[in-house]
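Take a moment to look over the sequence and the structure before reading on. The report below goes from overall dimensions to local detail.

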Amino acid sequence: MTLGNRLRNLREDADLRQSDIAKEVNVLQASISNYELDLNVPDLDILVKLANLYNVNIDYLLGNTDNKLSWKDFEKILIINGEKLSGTEIIDKLNVLDNQEKEYIIGLIFRLAAYHNKNKD
């Protein structure tokens, strides 16, 4: 998928018009159209603004990964018994486990979340 395709899909998923995006990143609507049509590539500062606007990482926009997570997503903090853990720290802790242990922990998290959501109603 091209940069233009990704930009168009993100904009459409956000239910925004090209003119809305242009106003947010301070460019002409025609520039947004040209980016989405792959006629032009945004300058680095515009690319950063677009990534921040859509809350995705630049590597996703450039097609280097299909993972949309931005670094802001990893900066979220989880507090357990007064200890603060970032998303990166949690992943680092999970990565020392073997695959069976990882599958068990992730499965447990999903089951507990489903149980919590079911009993929330």
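Predicted model: local features only at pLDDT ≥ 70, side-chain atom pairs only at ≥ 80, totals over all residues.

Along its principal axes, the C-alpha trace spans about 50 × 35 × 30 Å.

The following table collects some overall values for the protein.

| Property | Value |
|---|---|
| Share of the 121 residues that count as buried | 25% |
| Accessible surface | about 8,900 Å² |
| Share of the accessible surface belonging to carbon and sulfur atoms | 53% |
| Share of contacts with a separation of 6 or more that join residues 24 or more positions apart | 35% |

Turning to charge, the protein carries 15 positive and 20 negative side chains, and the centres of these two sets lie 5 Å apart.

As for secondary structure, the protein contains eight helices and two strands, and, read from the N terminus, the order of its elements is α-α-α-α-α-α-β-β-α-α. Strand β1, which covers residues 77–80, runs antiparallel to strand β2, which covers residues 83–86, and four bridges join the two. Within this pairing, I79 stands opposite K84 in β2. The two strands form a hairpin with two residues between them, and in this hairpin N81 takes a positive phi near 50 degrees.

How values were computed
Residues numbered from 1 in each chain as written. Heavy atoms only, no water. Buried < 20%, exposed > 50% of the residue type's maximum accessible area, 1.4 Å probe, protein only. Contact = heavy atoms within 4.5 Å. Areas by Shrake-Rupley, 256 points an atom, 1.4 Å probe, with all protein chains shown as cover. Lys, Arg positive; Asp, Glu negative; His and termini not counted. Charge placed at Lys NZ, Arg CZ, Asp CG, Glu CD. Pairing = 2+ DSSP bridges.
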